[in-house]
Amino acid sequence: MPKAQSAAQKAKAKKGMRKKKMADPFLKKDWYVIKVPKYVNPNSGAEEGASWRVGFSPANKSRAKKAIEDRTFVVNLGDLQNEAKSNNFDDLNFKKFKFITQDTFGKLILTQFHGMEITRDKRCSLIRKWHSMMECFCDAKTNDGYTLRVKALAFTKKQNTQIKKNCYAKRTQMKTIRARMREIIKNHVSSTDLKGVVKKLSTPEIGQDIRKSCQLTFPLKTCLIEKVKVMKRPKKDTAKLLEMHDLSIGFDPIKEVAEEDDDVEVGSGAEEEPGDVEEEE
């Protein structure tokens with residue numbers, strides 16, 4: 001026969017049968033504000049998409065700041081554009097920008113550009129039968145000391161008057177086009193700083209230059225930058241980082257309103273002229 005349970009054992013078993021209260025995990029998170037560099041979209045304010053809020057629950061509260069360091073965030077280019085003005089170029093929402101944490105001030109996370117990549121569905125939509133696809137890798141250095149690894153894509157174009165079914169490029173033609181692509185990418189990157197490179201990646205400028213330059217070698221239909229990765233960066237400089245985010249002390253500038261003085265000067269009426277005072281004899 002089973003042993004009879006004592007009163008303490010029965011109370012302990014009854015206590016274990018109670019359902020545990022489900023706590024909301026979002027209440028345990030520490031919420032931070034992520035700010036992207038100002039040069040990504042200078043026309044947008046904090047309320048228009050220059051900053052986002054993100055929740056992070058560190059395992060150790062004392063090491064929360066260290067755990068956030070070198071954390072990356074992916075933002076779509078469409079979210080970085082100003083909503084008041086439509087994009088002047090084609091629909092560039094297929095580009096994803098990557099930002100890395102540089103410094104933390106309280107609940108504010110300052111980030112820096114870390115890379116760019118196109119979406120998978122965009123890449124798959126470009127691939128067609130009976131066409132040649134050319135990939136090109138190139139390492140280039142900017143004026144301010146950033147080393148970028150750039151990957152470009154190019155696709156051949158079928159002529160309107162051709163009878164042949166395919167439009168494959170020869171091996172020598174592909175080699176010439178790749179060399180020309182590397183030359184154009186190095187010229188674009190080395191002639192400016194990281195700020196200028198990010199602005200060029202936000203537009204189809206580099207791809208258009210490649211297509212125009214290689215037109216005589218073989219007609220190209222589509223040319224674009226598929227991926228960019230920051231390989232090396234200069235030493236961390238807090239002053240430059242704050243200037244990049246248009247901040248002075250690590251936080252958004254507070255607009256101070258000049259308050260009028262409430263004190264009223266006593267005896268500020270019209271002064272009495274000396275001739276108006278009668279002397280008593």
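This is a predicted model: local features need pLDDT of at least 70, side-chain atom pairs count only at pLDDT 80 or more; totals for chains, interfaces and linings use all residues.
Trainee: Why are F97 and F113 called an aromatic pair?

Mentor: Rings pair if their centres lie within 6.5 Å, and those of F97 and F113 are 5.7 Å apart, centre to centre. The distance meets the cut-off, so the two count as a pair.

Trainee: What makes the pair of F97 and F113 edge-to-face?

Mentor: The angle between the planes is 70°. Planes over 60 degrees apart count as edge-to-face, so that is the label. A search of the whole structure finds one aromatic pair, and F97 and F113 form it.

Trainee: Which parts of the chain does the pair tie together?

Mentor: F97 lies in strand β4 (residues 95-105) and F113 in strand β5 (residues 108-118), so parts 16 residues apart in sequence are tied together.

Trainee: How do you know whether F97 is buried or exposed?

Mentor: Buried means under 20% relative accessible area. F97 has a relative accessible area of 0%, so F97 is buried. F113 is also at 0% relative accessibility and therefore counts as buried.

Trainee: What makes E226 and R123 a salt bridge?

Mentor: The N to O distance is 2.8 Å, and the cut-off is 4 Å, so the contact qualifies. Here E226 lies in strand β8 (residues 220-232) and R123 in helix α4, so the parts tied together are 103 residues apart in sequence.

Trainee: Which of the labels, buried or partly exposed, do E135, R123 and E226 carry?

Mentor: E135, at 28% relative accessibility, counts as partly exposed. R123 is partly exposed as well, with a relative accessible area of 21%. E226 has a relative accessible area of 9% and is therefore buried.

Trainee: How do you know that D139 and R149 form a salt bridge?

Mentor: Their closest N and O atoms are 2.9 Å apart. That is within 4 Å, so the contact is a salt bridge. D139 is in strand β6 and R149 in strand β7 (residues 147-156), 10 residues apart. At 38% relative accessibility D139 counts as partly exposed, and R149 counts as partly exposed at 37%.

Trainee: What makes R123, E135, K151 and E226 one network?

Mentor: Salt bridges that share partners join these residues. By the rule, the count comes to seven salt bridges.

Trainee: How far apart in sequence and in space are D139 and V228?

Mentor: They are 89 residues apart in sequence and 9.8 Å apart in space, C-alpha to C-alpha. For L80 and N93 the values are 13 residues in sequence and 9.6 Å in space, again C-alpha to C-alpha. L80 lies in helix α3 (residues 77-80), and at 3% relative accessibility L80 counts as buried.

Trainee: Why is D70 called exposed?

Mentor: Exposed means over 50%. D70 has a relative accessible area of 58%, so D70 is exposed.

Trainee: What is the phi of W130, and where is W130 found?

Mentor: Phi of W130 is near 65°, a positive value in a residue other than glycine. W130 is found in the loop between α4 and β6. With a relative accessible area of 32%, W130 is partly exposed.

Trainee: Which residues form the positive surface patch?

Mentor: R128, K157, R211, K212 and K221 form it. R128 has its place in the loop between α4 (120-126) and β6 (133-141).

Definitions and conventions: Residues are numbered from 1 along each chain as its sequence is written. Side-chain values use heavy atoms; hydrogens and water are left out. Patches are made of residues with over 30% relative accessible area and no salt bridge: like charges are joined within 9 Å, nonpolar side chains (Val, Leu, Ile, Met, Phe, Trp, Tyr) within 5 Å. Accessible areas come from the Shrake-Rupley method with a 1.4 Å probe; for residues, only the protein chains shown count as cover. A salt bridge is a side-chain nitrogen of Lys or Arg within 4 Å of a carboxyl oxygen of Asp or Glu. Lys and Arg count as positive and Asp and Glu as negative; His and the chain ends are not counted. The place of a charge is taken as NZ of Lys, CZ of Arg, CG of Asp or CD of Glu. Helices (H or I, at least four residues) and strands (E, at least two) are DSSP runs, numbered from the N terminus. Buried means under 20% relative accessible area, exposed over 50%, partly exposed in between (1.4 Å probe, protein chains only). Rings of Phe, Tyr and Trp (its six-membered ring) pair if their centres lie within 6.5 Å; planes under 30 degrees apart count as stacked, over 60 as edge-to-face and the rest as tilted.
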